[in-house]
Amino acid sequence: MYKIHIIGVGPEGPSSDMDAVLSPCGLIVTSERFHHLAGEKKIIPIAPVNNAIMSIKKALSDSDVGVIVGGDPLFFGIGRLIIEKFGRGAVTVHPALSSMQIAFSRMNEPWDNAIFLSLHGKRPGNIPGLILPYDKVFILTDKTNNPSSIAAKLLNALTGGLEDEYRVFVGARLGMESEEVFDGGLEDAARRVFPEPNVMIIIRNGKNGKDGSGPIFGLKESDISHSRGLITKDEVRAVAIHRLMPPKAGVLWDIGAGSGSISIETARLSSALEVYAIESDINEISNIRRNINAFRTWNVISIHGEAPEILSGLPAPDRVFIGGSGGRLAGIIAAVSSRLQKGGRVVVNAVTGKTKKDAPRLLAGAGFKIEISKISVTRRMTGQGTPLKLNTIDIITGIK
């Protein structure tokens, strides 16, 4: 049975056994950068990848195939795809140092506690939400998602001096004679133009705000910035989030978000969940942004505008919470129904008699399966005065 040899080449150049590994290979798949290592053997380009995979499959009927790449083929490299296509038994990997290992070595910084993120060839919607929840992040960049652009987006998300907590390292052309390294702050990084190719490391050194050491669920009303007592009460918030059944990754719309208590508490459950807090009151938008920074939930994106009009520009949701509708419940549910992913959930907190009557009817009319929970809360503190009774709320769940 013929094999595929995936060979990594690091800054120190090819390994001493490169010729022996390539000897039985009738075909070499690589980029122009490594053509000189193939000798007189037949070479095909590594891109487009689908064409390379087809050529490898055909060549394996006659001989081994060599694939030459930079660094470690299993670190965001082609190794994953080749193993998926041909199986583990058909592949031998010969790794070299990755750009990640070299970058951390230049910083004298351990990397075993880092988060690894590839933005290469991707168009993520919320870069701060992918990076800022963590204390140490390594990023594979590209021409669009370059270090200065990433730093600028992080600066735009951070307020109140939090930007000073972050240290940025950029390694450009690592291992080459023209290698350049940068070690500084976000503001300086955002102003620079870095040679390509490059990688980026972001480390949080400060301890302002919440450091993530506390519980991830169970915030109190007093913990959350809000105005005039307008906040989803603790017990009601807990049930509403339970009824939402938030996924680990996906998109949540929080319509009529108010102070953002539902958004913030749900976002804390998983940084891979992208939460859009939609609110028409600019004062509440200020509260939401304060809470985002206080609880380090940069996977929450505050949206100032009126639903349903503002919803058309947002990614399709997996979950929707409707805390307030401004009298536009029919239009909101119609918009949600057309965009919600199959199997998704809508949760409506209904306080007024009109919403309690209209929400189930509108959701059922849009084809949702309906469940209703009536929540009545009495708070009693031992040894204190009259118990506090909260309004009875209907929590209406629509399942698509």
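**Salt bridges and their surroundings**

Modeller: D135 has a relative accessible area of 37% and is thus partly exposed, where buried means under 20%, exposed over 50% and partly exposed in between, computed with a 1.4 Å probe on protein chains only. The model is predicted, so that local features need pLDDT of at least 70 and side-chain atom pairs count only at pLDDT 80 or more, while totals for chains, interfaces and linings use all residues. Residues are numbered from 1 along each chain as its sequence is written, and side-chain values use heavy atoms, with hydrogens and water left out.

The partner of D135 is R204, and the closest N and O atoms of this salt bridge are 3.5 Å apart, the term requiring a side-chain nitrogen of Lys or Arg within 4 Å of a carboxyl oxygen of Asp or Glu. The two residues are 69 apart in the chain, with R204 in strand β10 (residues 198-204) and D135 in the loop between α5 (127-131) and β7 (136-140); helices (H or I, at least four residues) and strands (E, at least two) are DSSP runs, numbered from the N terminus. R204 is buried, at 6% relative accessibility.

R243 pairs with E371, with 2.0 Å between the closest N and O atoms, and this pair ties together parts 128 residues apart in sequence, since R243 lies in helix α8 (residues 234-244) and E371 in strand β16 (residues 369-375). R243 is buried at 15% relative accessibility, whereas E371 is partly exposed at 26%.

Salt bridges with shared partners also join D135, E165, R204 and R296 into one network.
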